[in-house]
Amino acid sequence: MILFEREADCCGCGACAQVCPVQAISMQESKTGFLFPKIDANRCIECGKCQKSCGYQKTCLETEPLEAWAASARDRKIEINSASGGIFATIATEIVEAGGVAVGAVMKNTQQGIRVCHVIGKTVEDVGKMQGSKYVQSDAYVVFDGVKKALAKGTQVLFCGTPCQVAAIKKVTGNPDNLFTMDLVCHGVPSQKMFRDFIARLEKDLQIQMEAFYFRSKVFGRNDYIAEIVPKRNKKIYGIPHGLLSFYKLFLDGKINRKSCYQCPFATKQRVADLTIGDYWGIENQHEKEIAEGVVNLSQSWSSILVNTMKGRALLETYGKKLSKVPSKYEKIAERNEQLKMPLKEPKERKELMNLYEKEGYNAVENWFRARMGGKIKFAIKRILGIKKHTKQGDVNFEK
């Protein structure tokens with residue numbers, strides 16, 4: 001028994017499984033690795049709570065942005081360790097230092113491979129593990145119960161995730177006053193299974209065991225989509241441009257996303273979270289005056305912030321004092337952030353790639369990619385020339 005008849009009707013947030021009073025719903029991977037709810041018909045009491053909890057099916061959009069900002073963390077360590085301007089990490093750090101908790105996605109090394117899931121962070125160290133982009137669908141539902149318990153105790157909670165995950169947590173908790181939400185300018189999500197299979201193939205190609213993988217490293221340059229690969233028992237780390245990594249390039253081209261992402265009701269000016277954050281693409285054109293005056297320093301990364309609710313405004317005023325902020329406009333931010341206006345159109349290659357992966361596995365996807373990069377030999381030469389190396393410094397920002 002299934003909850004939704006069409007694949008595109010489910011965002012995989014897991015709210016339905018969390019609210020089921022008889023635990024009749026489990027989240028299970030499809031052949032392509034995307035999570036979908038499955039109902040045990042023998043246990044289901046047909047109460048309808050699962051459908052009512054689904055933020056994707058019945059959206060809870062709030063309002064159009066009240067104000068917009070360009071922003072960057074004043075703490076250089078936070079900014080450098082973040083994919084962009086360090087907005088989440090700055091605000092989350094302030095919240096945990098004030099006795100609250102921050103909820104965000106981390107990458108973990110498990111026996112099954114790298115897993116991305118949400119965790120509840122109570123320390124600055126916990127927040128550090130949440131930094132950086134994770135271009136897969138995180139298992140957010142695993143923390144829903146813990147978030148409810150924290151909120152019931154009166155603890156301030158900052159929840160950061162994709163818009164559909166934010167809609168889910170608001171539905172599950174009722175959005176009390178001590179819940180603050182932050183969503184990302186989301187470009188869609190591939191599956192974790194495909195990502196794990198990609199990592200296994202990459203380890204084989206590089207002849208390493210991987211300790212950590214970062215999608216957007218600043219070790220090899222700012223504002224570049226260069227992945228950082230950290231091997232075990234090796235003093236060198238690898239930097240590989242996104243165009244030479246099949247999973248990464250296919251994600252950025254929008255060719256391996258979840259089906260529902262191409263019909264996303266949250267890809268609009270109306271926002272579901274208190275704050276919306278993302279890269280400020282095109283800031284060099286949108287804020288020329290501030291750059292000339294030295295207010296915006298392009299040697300550091302800048303993010304965009306949309307303040308969507310009065311609660312979001314209070315959050316930024318209270319916990320955003322360690323951010324450098326410049327007033328901006330939604331129109332300026334949205335000009336190169338298309339998902340603030342409309343969902344990504346489904347590319348024609350997606351169906352071919354999903355069928356290929358389902359029937360033949362990730363190696364077939366990899367071969368498909370390399371064939372379009374000039375073939376195996378040309379691709380191998382490009383990767384050899386494109387790989388950068390750097391001496392490993394300090395601990396990796398990964399949960400073991």
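# A first tour, in questions

Visitor: Is Val106 buried or exposed?
Guide: Let's sort out the words: buried means under 20% relative accessible area, exposed means over 50%, and partly exposed is in between (1.4 Å probe, protein chains only). Val106 comes in at 0% relative accessibility, so it counts as buried.

Visitor: What kind of model is this?
Guide: Residues are numbered from 1 along each chain as its sequence is written, and side-chain values use heavy atoms, with hydrogens and water left out. Local features need pLDDT of at least 70, side-chain atom pairs count only at pLDDT 80 or more, and totals for chains, interfaces and linings use all residues, since what you see is a predicted model.

Visitor: Where does Val106 sit, then?
Guide: Helices (H or I, at least four residues) and strands (E, at least two) are DSSP runs, numbered from the N terminus. The protein chain comes to 16 helices and 14 strands. Val106 belongs to residues 101-110, that is, strand β4.

Visitor: What separates the C-alpha atoms of Val106 and Phe144?
Guide: Along the chain, these two are 38 residues apart. Between their C-alpha atoms, the separation is 15 Å.

Visitor: What radius of gyration would a compact globule with 400 residues have, next to the 21 Å of this chain?
Guide: The radius is taken over C-alpha atoms, and the globule rule is 2.2 Å times the number of residues to the power 0.38. The C-alpha trace spans about 65 × 55 × 40 Å along its principal axes. The chain's own radius agrees with the rule, because a compact globule with 400 residues would be near 21 Å.

Visitor: How many of the chain's contacts join residues at least 24 apart?
Guide: A contact means heavy atoms within 4.5 Å. Take contacts between residues at least 6 apart in sequence; the share that joins residues at least 24 apart is 70%.

Visitor: How much of the accessible surface belongs to carbon and sulfur atoms?
Guide: Accessible areas come from the Shrake-Rupley method with a 1.4 Å probe, and for residues only the protein chains shown count as cover. Buried residues make up 56% of the 400 in the chain. The whole accessible surface is about 18,100 Å², and the part on carbon and sulfur atoms is 49%.

Visitor: Which residues lie nearest the centre of the largest cavity?
Guide: A cavity is a set of points, on a 1 Å grid over the protein atoms alone, where a 1.4 Å probe fits but cannot get out; lining residues have an atom within 4 Å of a point. Of its 21 lining residues, the ones nearest the centre are Cys186, His187, Gly188, Cys261 and Cys264.

Visitor: How many residues in that lining are nonpolar?
Guide: Ala, Val, Leu, Ile, Met, Phe, Trp, Tyr, Cys and Pro count as nonpolar, Asp, Glu, Lys and Arg as charged, and the others, Gly among them, as polar. The lining has 6 polar and 2 charged residues, and its nonpolar ones number 13.

Visitor: Why is helix α4 called largely enclosed, and how many of its residues are buried?
Guide: The buried ones include Ile87, Phe88, Ile91 and Val96. Helix α4 runs over residues 87-97, and the rest of the structure largely encloses it, because of its 11 residues the number buried is 10.

Visitor: Is Gln23 buried or exposed?
Guide: Gln23 is in the loop between α1 and β1, and has a positive phi of about 50° although it is not a glycine. Its relative accessible area is 53%, so Gln23 is exposed.

Visitor: What is the relative accessible area of Asn175?
Guide: Asn175 is in the loop between α7 and β7, and its phi is positive too, about 55°, although it is not a glycine. Asn175 is partly exposed, because its relative accessible area is 24%.

Visitor: Which residues does Ser138 touch, not counting residues up to four places away in sequence?
Guide: Ser138 is in the loop between α5 and α6, and is buried, with a relative accessible area of 7%. Its contacts are Ala105, Val116, Cys117, His118, Gln165 and Gln192.

Definitions and conventions
1 Å grid on protein atoms, 1.4 Å probe; cavity = no way out; pocket = protein on both sides within 12 Å on 5 of 7 lines; lining within 4 Å.
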